[in-house]
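Try each task before reading its solution.

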Amino acid sequence: MKTNRHEYEGLRLHTAVNIDYLYTLHYFEHFKDYAFEAESHNFWELVYLDNGELILEIEGNKNRFLLHHGQIALIPPNIGHNFISTEKHYDLFVISFSSKSFAMNVLNRKLIYLSSYNQRYIIGQILYEARKSFKKPLSVLSFSKIELKEENTQYTLSIIKKLLELLLVDMLRNYNKSFSSVLLRKDFESYSADIINIIHFLRTNIYKKITLPEAARVINMSVSQAQKKFTKEVGKSIMMYFSELRIEEAKFLLRTENISLAEIAEQLHYHSVFHLSSRFKKITGMPPSRYLKSLQEMIDSSE
């Protein structure tokens with residue numbers, strides 16, 4: 001029998017994210033009024049709020065976020081942080097790890113992500129492996145090295161490593177669809193709970209087309225009541241705040257992504273490129289073309 005010999009050209013596969021060490025893996029279920037200690041460490045920490053709500057405090061009490069069900073917070077190394085419970089029960093997944101992969105610099109640009117179905121499924125698989133093979137219950141806060149129940153479960157850590165890498169790669173793949181968070185510069189305590197909820201609603205839906213009545217419904221107020229309350233505390237109207245958020249996101253996309261202004265306008269739900277350009281100029285004082293030119297000038301001057 002004649003055997004045909006074909007020449008195949010292989011496709012080289014690259015690892016976008018590599019996890020070097022796993023430090024902690026916890027799942028706190030139906031917790032309430034638990035006092036976490038503020039901490040800072042030289043590795044990454046990823047938290048996923050599976051249920052309820054929880055306040056995330058970053059670098060002191062001037063930067064606080066109200067995390068909602070379904071949100072992921074990715075905290076970079078050496079960033080002081082703390083979790084503060086509200087009056088509601090919550091379920092929280094926490095995993096900490098180290099990675100020197102360059103791709104982590106991309107994820108470092110955002111703090112809070114809105115999880116996808118795929119990402120929640122991966123987290124569920126990580127929990128399944130950990131519950132099956134870890135010696136200690138996942139709700140026990142421990143600073144010691146993770147121990148497995150039996151020797152024949154040694155492959156569990158390899159599976160968790162690959163699942164965590166898959167989770168991070170999926171977050172990278174959906175980077176522009178996720179919620180881009182900007183730190184609250186104003187003291188959290190100066191905003192009421194209603195205003196914080198509206199702000200989080202606006203930021204979470206930055207890639208959606210929302211209306212003023214939808215924002216008002218978040219706090220069960222009429223449009224006029226919500227508008228008056230928001231303007232009094234924040235100093236600008238709800239939709240003006242949302243417009244500024246979208247322009248900040250447009251600036252970020254112009255800086256970091258190789259996509260056209262038309263694509264950005266479509267993603268951020270502007271009627272046209274002209275509509276985006278006019279809003280951009282009104283808020284920043286310059287059109288997008290001038291903004292890009294100024295960025296290039298800064299790059300050229302630094303070389």
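Which residue lies over the face of Y270, and at what distance from the ring centre? Solution: look above the ring of Y270 and you will find R246, at 4.1 Å from the ring centre. Keep in mind that this is a predicted model. A second case to look up is R131, which lies over the face of Y27 at 5.0 Å from the ring centre.

**Exercise 1.** Classify the aromatic pair formed by F230 and Y241, and work out which parts it ties together.

Solution: 
1. Start with the count, which comes to 4 aromatic pairs.
2. For F230 and Y241, the centres are 5.6 Å apart and the planes make an angle of 75 degrees.
3. F230 belongs to helix α6 (residues 223–234) and Y241 to helix α7 (residues 238–256), so the pair ties together parts that are 11 residues apart in sequence.
4. Now check burial, for which the cut-off is under 20% relative accessible area. F230 has 0% relative accessibility, so F230 counts as buried. Y241, at 11%, is buried as well.

**Exercise 2.** Describe the surroundings of L107.

Solution: 
1. Leaving aside neighbours within four places in sequence, list the contacts of L107: L74, Y113, L168, M171, L172 and Y175.

**Exercise 3.** Characterise the largest cavity.

Solution: 
1. Its volume is about 160 Å³.
2. The lining has 15 residues, with H26, F134, K136, S142 and I146 nearest the centre.
3. Sorted by type, the lining residues are 7 nonpolar, 4 polar and 4 charged.

How values were computed
Residues numbered from 1 in each chain as written. Predicted model: local features only at pLDDT ≥ 70, side-chain atom pairs only at ≥ 80, totals over all residues. Heavy atoms only, no water. Contact = heavy atoms within 4.5 Å. 1 Å grid on protein atoms, 1.4 Å probe; cavity = no way out; pocket = protein on both sides within 12 Å on 5 of 7 lines; lining within 4 Å. Points joined across faces, edges and corners; volume = space filled by probe spheres on them. Nonpolar A, V, L, I, M, F, W, Y, C, P; charged D, E, K, R; others polar. Phe/Tyr/Trp six-rings, centres within 6.5 Å; stacked < 30°, edge-to-face > 60°. Helix = DSSP H or I, 4+ residues; strand = E, 2+ residues; numbered from the N terminus. Buried < 20%, exposed > 50% of the residue type's maximum accessible area, 1.4 Å probe, protein only. Lys NZ or Arg CZ within 6 Å of the ring centre and 35° of its normal.
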